[in-house]
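This briefing is meant to be read alongside the sequence and the coordinates.

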Amino acid sequence: MSDKPPVNVRPFSDIGLSDIEEVGGKNASLGEMVRNLANLGVRVPDGFATTAEAFKRFIGDTGLAEKISGQLKDLDTDDTQKLAQVGKAIREEVANQPFPEDLEADIRSAYEQLVDGREDVSFAVRSSATAEDLPDASFAGQQETFLNIKGIDGVLQAIREVFASLYNDRAIAYRVHHDFDHDVVLLSAGVQQMVRSDVGASGVMFTMDTESGFKDAVFVTSSYGLGEAVVQGAVNPDEFYVYKPALRDGRPAVLKRGVGSKATKMVYTDDPSVGKTTEFVDTDEAERPLLSLTDAEVEELARQALTIEDHYERPMDIEWGKDGVDGELYILQARPETVMSRAGVRQRFRMGEKGEVVVEGRAIGQKIGAGSVRVMTSIEDMHEFNEGEILVADMTDPDWEPIMKRASAIVTNRGGRTCHAAIIARELGIPAVVGTGDATKVLEDGRGVTVSCAEGDTGYIYEGELEFTVEETELSAMPEIGTKIMMNVGTPEQAFAFAQLPNAGVGLARLEFIINRQIGIHPKALLNHETLDEPLKSQVSEAIQAYPGPREFFVQRVAEGVSTIAAAFAPNPVIVRMSDFKSNEYANLVGGEEYEPDEENPMIGYRGASRYLSPDFVDCFAMEAEALKYVRDEMGLTNVKIMIPFVRTTKEAKGVIDLLAEHGLVRGENDLQVIMMCEVPSNAILATEFLEHFDGFSIGSNDMTQLTLGLDRDSSLVAASFDERDPAVKFMLERAITACREAGKYVGICGQGPSDYPDMAEWLLGLGIESMSLNPDTVVDTWMRLGKVANG
């Protein structure tokens with residue numbers, strides 16, 4: 001307890017973290033930032049806080065405290081109807097009680113000092129509980145927030161309403177569930193000048209990735225209008241990731257940009273006299289497909305977030321607003337991140353046999369849940385919800401929390417990764433799929449479904465209650481095995497999670513996977529955008545709206561995918577293979593049929609190095625090269641190495657190296673290494689000659705097997721003969737490995753062989769291969785198995 005004499009009101013500039021018992025965690029944090037971080041560039045709107053002592057007197061001097069204590073004694077919070085009845089009665093009594101004269105006088109005085117004669121100014125009045133936002137509690141959002149409050153009378157009433165909200169159903173239930181005594185949790189009201197984000201933008205950011213626990217990124221969400229829309233989950237916001245090391249070095253740092261639908265926004269009402277001060281309106285159709293922040297604004301927010309994190313020395317959960325009038329970015333709240341910072345043993349959930357996907361949306365967490373659907377349209381029906389059901393709703397708010405903790409999974413129509421449903425699902429450790437759009441229409445009560453958040457960014461709701469497995473892995477002590485275990489990673493959205501596994505980097509990052517998932521359009525269709533016929537031209541135009549142009553769309557999206565993987569695994573190497581689409585695969589991209597030949601056998605046709613050197617493709621390859629150069633040279637992710645696939649001849653080898661150099665990617669400059677995919681028999685036969693042009697080999701055992709044995713690996717008729725352990729294949733692999741070792745150059749393998757065949761992994765270990773790149777789900781098992789071999 002502070003040794004200062006008890007007072008009713010304190011300005012933000014006079015409080016800090018040492019005053020939590022007096023003004024609560026939220027207000028103490030605001031004061032801490034105002035006092036200590038303003039000169040470091042963190043902009044926090046000014047305000048004042050009522051004290052816990054003032055609240056105690058407000059309810060205690062009239063005997064109301066004793067009455068409340070009696071009403072809450074022995075209350076069964078699982079009886080949602082009784083909980084609602086008792087909570088409503090208490091709130092009405094608190095909201096109607098007059099202030100003690102000295103308290104009202106002090107609030108009026110603090111208000112006049114804050115307004116300082118201005119007329120067109122409004123305020124946010126928020127709660128700050130004395131136990132709120134401590135490291136092991138998450139009270140955030142349980143009490144009410146009132147926005148766009150004007151005039152001293154409005155502020156006084158809003159403070160009373162905030163005090164009453166200490167007895168919201170959700171707050172009562174949370175305290176009971178977490179063994180907090182009702183009478184020791186006191187409330188402070190924070191009165192803070194509003195940021196005009198109603199005509200700007202706002203959102204939430206975390207100084208770590210909330211899904212994986214990756215700590216070198218700032219995760220930013222943003223939407224038009226007031227931030228309550230994002231927090232409540234009423235809108236699907238834009239999402240950005242910012243790489244902390246690049247930001248600290250003053251380099252371009254935005255790893256990823258995701259356009260949310262942003263269909264609605266919260267704004268001020270024109271006439272607050274109608275009984276509400278904010279309302280939801282539809283976002284202008286033209287604004288929805290655009291990003292609500294520029295890269296410069298995202299990076300500025302992230303810089304403020306880093307300053308806050310450095311000061312608090314822990315991951316932080318931060319609310320921010322962009323003032324549409326002055327254009328500045330402001331911090332509105334900051335509190336410790338309370339979920340991933342408490343994470344323990346790694347669990348891996350895996351689906352068994354999958355059923356039909358009936359709904360999909362944004363995955364929250366990495367777990368799986370199954371049960372019967374319960375579609376909820378009103379909190380008044382909470383008593384109908386049964387333990388273990390799947391909660392399906394348009395969106396949730398804190399009033400839903402008493403039943404959320406009883407659900408096996410949560411599914412909502414609206415919301416992004418920082419909405420209420422997402423935050424509570426993480427807190428409770430249950431899977432949630434948000435932003436589905438139509439779950440309440442597609443799913444019906446009693447229907448058995450399985451909710452999977454274990455398959456990347458997208459969450460899937462499968463038909464039926466399906467089987468799944470849960471594996472717990474202790475990752476602290478992996479054995480020495482005499483080689484490096486790397487990973488094959490093609491999906492940037494899973495990179496942060498995969499990087500939490502033990503690894504020595506990424507041995508294969510497939511650029512075609514990134515192009516397919518993040519672009520989906522043939523590069524020629526983008527380059528020829530202006531001359532495309534309809535409806536293809538409109539289809540491409542719609543996809544690229546958030547970017548300056550079609551070429552920039554391709555380059556930035558590739559750079560986003562590559563930089564996300566590179567950042568996740570830094571400083572370990574990430575070997576990025578340039579695109580290796582076959583002509584039939586390129587044809588499947590939007591517009592692809594216009595530009596691709598119809599080949600009899602695409603597997604050994606127009607692909608790899610020969611495609612890059614073709615006059616018809618050279619401008620497409622230039623965009624890939626531009627993206628990688630940006631990631632390495634501008635963002636500083638020099639752990640990216642380049643790999644060239646399907647190089648048939650030494651002439652092609654020299655041609656591609658020269659072509660890369662023309663685009664500013666010169667071997668040896670800025671530590672650039674260029675690896676060759678060793679997958680054609682000629683590569684092993686002339687290994688020494690090929691190595692004159694490259695810094696090493698990465699063996700692709702799949703293509704090497706099919707070309708050495710002369711069989712089509714896509715044909716079921718000869719599939720039985722496909723075996724990487726065939727003596728002829730092993731001859732080729734040994735020749736390639738020996739040549740690399742004699743030349744003192746890198747050699748690794750990134751095919752399926754070591755994952756599928758333990759004996760092959762052991763054989764490669766005996767040859768002294770430098771690395772094995774495995775699929776993520778086989779890393780731990782293969783590593784442990786090799787450990788037994790290596791250590792006897």
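Which residue's side chain meets that of R607 in a salt bridge? In this predicted model, the partner is D580, with a distance of 2.7 Å from N to O. The pair links distant parts of the chain, since R607 sits in the loop between α19 (583–587) and α20 (608–613) while D580 sits in the loop between β25 (574–577) and α19, 27 residues apart.

**Salt bridges**

- The structure holds 46 salt bridges, and in the one between R607 and D580 both residues are buried.
- A salt bridge also forms between E596 and R611, whose closest N and O atoms are 2.7 Å apart; because E596 lies in the loop between α19 and α20 and R611 in helix α20, the pair ties together parts that are 15 residues apart in sequence.
- E596 and R611 are both buried.
- In helix α22 (residues 650–662), K654 and D658 are 4 residues apart and therefore separated by about one helical turn, and their side chains meet in a salt bridge at 2.8 Å, N to O.
- K654 is partly exposed, with a relative accessible area of 45%, and D658 is likewise partly exposed, with a value of 34%.

- P776 lies in the loop between β30 and α29 (779–790), and P776 counts as buried because its relative accessibility is 13%, under the 20% cut-off.
- The C-alpha atoms of P776 and V489 are separated by 7.6 Å, although these residues are 287 apart along the chain.

**Negative surface patch**

- D76, D78, D79 and E387 gather on the surface in a patch of negative charge.
- E387 is placed in the loop between β16 (368–375) and β17 (390–393), and with 62% relative accessibility E387 counts as exposed, the cut-off being over 50%.

**Backbone details**

- Most residues other than glycine have a negative phi, and most peptide bonds are trans.
- The peptide bond from E534 to P535 is cis, with omega near 5°, and P535 is in the loop between α16 (523–527) and α17 (536–543).
- The peptide bond from A570 to P571 is cis as well, with omega near 5°, and P571 is found in the loop between α18 (550–569) and β25.
- N148, which is not a glycine, has a positive phi of about 55°; N148 lies in strand β4 (residues 145–149) and is buried, with a relative accessible area of 1%.
- N670 also has a positive phi, near 55°; N670 is located in the loop between α22 and β27 (674–678) and is partly exposed, with a relative accessible area of 40%.

Note on methods: Residues are numbered from 1 along each chain as its sequence is written. This is a predicted model: local features need pLDDT of at least 70, side-chain atom pairs count only at pLDDT 80 or more; totals for chains, interfaces and linings use all residues. Side-chain values use heavy atoms; hydrogens and water are left out. Patches are made of residues with over 30% relative accessible area and no salt bridge: like charges are joined within 9 Å, nonpolar side chains (Val, Leu, Ile, Met, Phe, Trp, Tyr) within 5 Å. Accessible areas come from the Shrake-Rupley method with a 1.4 Å probe; for residues, only the protein chains shown count as cover. A salt bridge is a side-chain nitrogen of Lys or Arg within 4 Å of a carboxyl oxygen of Asp or Glu. Lys and Arg count as positive and Asp and Glu as negative; His and the chain ends are not counted. The place of a charge is taken as NZ of Lys, CZ of Arg, CG of Asp or CD of Glu. Helices (H or I, at least four residues) and strands (E, at least two) are DSSP runs, numbered from the N terminus. Buried means under 20% relative accessible area, exposed over 50%, partly exposed in between (1.4 Å probe, protein chains only).
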